[in-house]
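Please look over the structure below.

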Amino acid sequence: MSKRTRFTTWRPLAAAATAALTATLLAPTAAEAAPRESRPVHSYADAVREAVWVDTGLDEDEDGRTDRVAVDIVRPREPARQGRKVPVIMDASPYYSCCGRGNESQKKTYDANGDIVQMPLFYDNYFVPRGYAVVGVDLAGTNRSDGCVDVGGRSDIQSAKAVVDWLNGRGKAYTTRTGTERAEADWTNGRTGMIGKSWDGTVANGVAATGVEGLETIVPIAAISSWYDYYFSQGAPLYDSGPDWLSNYVESTDARARCAAVQRELVEGAPRTGDRTPLWSERDYVRAAKNVRASVFLVHGMQDLNVRMQHVGPWWDALAKNGVQRKIWLSQTGHVDPFDFRRAEWVDTLHRWFDHELLGLDNGIDREPVADIERRPDQWVTSTTWPPRGTGTATLRPARGTEAGVGTLGLRGGTGTEAFTDDPRLSETDWAARVDIPTPDKAGFVTGPLTRGLRLSGASRVTVTATPTTPTAHLSAVLVDLGPDTIRDYADDGEGITTLTERTCWGPSTAGDSSCFKETAARTTDVDHTIVSRGWADLGHHAADGEGDPLTPGERYTITLDLAATDHVVPKGHRLALIVAGTDRGLIDPPADTPTLTLDLARTSAQVPFVGGTAAFARATAGSHATAPDTVLDGVRRPGLTAHRVPGEAR
């Protein structure tokens, strides 16, 4: 079924759902009215709690039988008694036993029969009484599942896709891990929505990219869209480890003993050269976006330095090209779930989203603004489209200033050169703090104070022409808002939130599964500069980021760095800076050598998306003159030095 067909039949589906649901979702006194939301009319205490094992059709652990993945189910008892079928909210995760989910690191717990007692997070407490089944899938190789973890590849994605197939009557499941008694999903209509943060949301992206029928919507939170871009940025390594380490981290003890072959494939298929290989192509969901049938509600932190904003722009644009119905929330946080930075609004919006996409209720959410953007801590704005209409790319050009390394940024091209020497001890916050001071480790280019606010929205690109002194060199490009502000402290351990002691409850509880979670508050800090967007590359990948070559010292190379998408307003009186440097400590690994790079300013530029395009930038900088206060500017602390990051691990 094509995307166009799906959305032309949306309204009749809503009408049919309305007729079927009115009597059960609304109080009797309102039975005559068309329902606009599902109501908590079913008993959570009496919900059916069961486990099945779905056959994936794969034998990744090579034990001679196809792998089965464990599927824990919490569903309302009443609809089945009444002959009605319910939709499914599904979270497929590798973390249910090793690491936990959510801000409080909840793990699955079971009773003596092996049935689920605690399903992590609030989804079951809140949605089961409202007529949904909530399903928690242990990815292959984790917790109670067979198979192996292959970090976003065939095994990961098939683990979850097989469950969607089973829910829609196309797969096989069993009542035990090794038995022959079949389990049927006769209690569901097959309409499934997948949700999850980080690795969980990544799996949702990957399953959607298969085009599996029955997956109606996904809600990927801080999720990966291409695993290459989790480990590399245009050839520059982001961590000193590969997917084999991550696989080993989450696998069950049994799987670890059986999955040496898969581990070997992860090592051999993901060399630390930064070259793209078939392993990375298999894990690139952006390339498969043409297959997506599900709608997408995407949530991401604009200061997420774990699953970085580089995963948002290409995925969002590819979905748009395919005509996918989309919605997006962008926060000022790091790697944080919206339940922990905008709780009440999140639960309400998610409720209405699932009601619309899975129950077919005409609640108007499809006619609301596409984007919610956190402009200041706990202050949100909306955009009808994202990026907004009228956004256009302005080409900004660096020029030399009166001191070496402290230049200007504007619409007119500069001449001459600027040079810097890579210093792996320093990061983007060090460069920004001294952007007005000549230092040997970076080249900075700054506008004058803006005469009016200027909104960046979307992804920028920085083209750099540089001459290295060594056979290896890495480049970083950073856009910075220079001016005082109060922002979420994304570099703190909480990544922009503080966890409080008081709790709020989101649905009924049982003795083994509480719906009450610790509240949070924005953790803020006062700064003199804010990093707006970042990008990194290995200069050896100048010809194509798929394959790199050693550099010839003294030869000039041109490369375009892709900076992360963002949405940020540089206020009146602030300045906009472009910084070009080498290793961004804590965010990319250093090259083998310590190069000095000389920039050809006439062949260096930044393509930046502004609302209003070039004309808006020209107006905001008209009559403004560059100033260099020669002071150190405060910012957040240096990004954390984490050799092995884990997407989705609880803080």
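In which strand is glutamine 607 found? Glutamine 607 is found in strand 30 (residues 605-611). Helices (H or I, at least four residues) and strands (E, at least two) are DSSP runs, numbered from the N terminus.

This is a predicted model: local features need pLDDT of at least 70, side-chain atom pairs count only at pLDDT 80 or more, and totals for chains, interfaces and linings use all residues. Residues are numbered from 1 along each chain as its sequence is written, and side-chain values use heavy atoms, with hydrogens and water left out.

**Two polar residues**

The side chain of glutamine 607 makes a polar contact of 2.7 Å with the side chain of serine 605. A polar contact is a pair of N or O atoms within 3.5 Å; within protein, one must be able to donate a hydrogen and the other to accept it, and residues adjacent in sequence count only if both atoms are side-chain atoms. Leaving aside neighbours within four places in sequence, glutamine 607 is in contact with residues including Thr393, Ala394, Thr395 and Ser460. Contact means heavy atoms within 4.5 Å.

Serine 476 is found in strand 22 (residues 474-488). Is serine 476 buried or exposed? Serine 476 is buried, because its relative accessible area is 0%. Buried means under 20% relative accessible area, exposed over 50%, partly exposed in between (1.4 Å probe, protein chains only). The side chain of serine 476 reaches the backbone oxygen of glycine 582 at 2.6 Å. Setting aside neighbours within four places in sequence, the contacts of serine 476 include Trp431, Trp536, Gly582 and Asp584. Serine 476 and alanine 183 are 293 residues apart in sequence and 53 Å apart in space, C-alpha to C-alpha.

**Salt bridges**

Side chains of opposite charge can pair when their charged atoms come close. How many salt bridges does a search of the whole structure find? The search finds 38 salt bridges. A salt bridge is a side-chain nitrogen of Lys or Arg within 4 Å of a carboxyl oxygen of Asp or Glu. Three of them are listed here.

| Salt bridge | Closest N to O |
|---|---|
| Lysine 108 and aspartate 72 | 2.7 Å |
| Aspartate 567 and arginine 455 | 2.9 Å |

Aspartate 567 is in strand 27 (residues 566-570) and arginine 455 in strand 20 (residues 454-458), so this pair ties together parts that are 112 residues apart in sequence. Aspartate 567 is buried, with a relative accessible area of 2%. Salt bridges that share partners also join Asp63, Arg65, Asp146 and Arg177 into one network.

Both lysine 108 and aspartate 72 are buried. Glutamate 418 counts as buried, because its relative accessibility is 3%. Arginine 400 is partly exposed, at a relative accessible area of 43%.

**Ring pairs**

The whole structure has 29 aromatic pairs. Rings of Phe, Tyr and Trp (its six-membered ring) pair if their centres lie within 6.5 Å; planes under 30 degrees apart count as stacked, over 60 as edge-to-face and the rest as tilted.

Why is the pair of tyrosine 231 and tryptophan 280 tilted? The ring planes of tyrosine 231 and tryptophan 280 are at 40°, with centres 5.8 Å apart, so the pair is tilted. Tyrosine 231 lies in helix 7 (residues 228-231) and tryptophan 280 in helix 11, 49 residues apart. Tyrosine 231 and tryptophan 280 are buried.

The rings of tryptophan 329 and tryptophan 380 have centres 5.6 Å apart and planes at 45°, so they too form a tilted pair. Tryptophan 329 sits in strand 13 (residues 326-331) and tryptophan 380 in strand 15 (residues 379-383), 51 residues apart. Tryptophan 329 is buried at 1% relative accessible area. Tryptophan 380, at 18%, counts as buried.

Ring pairs also link a cluster that includes Tyr95, Trp199, Trp227, Tyr231 and Trp280.

The largest nonpolar core has 100 residues, of which Met90, Trp166, Met194, Trp199 and Trp227 touch the most other members. Helix 5 (residues 154-167) gives the most to this core, with seven residues. A nonpolar core is a set of buried Ala, Val, Leu, Ile, Met, Phe, Trp, Tyr and Cys residues joined through side-chain atoms within 4.5 Å.

In helix 10 (residues 260-269), Val262, Gln263, Leu266 and Gly269 are buried. Helix 8 (243-250) and helix 11 (278-282) are among the elements that cover the buried residues of helix 10.
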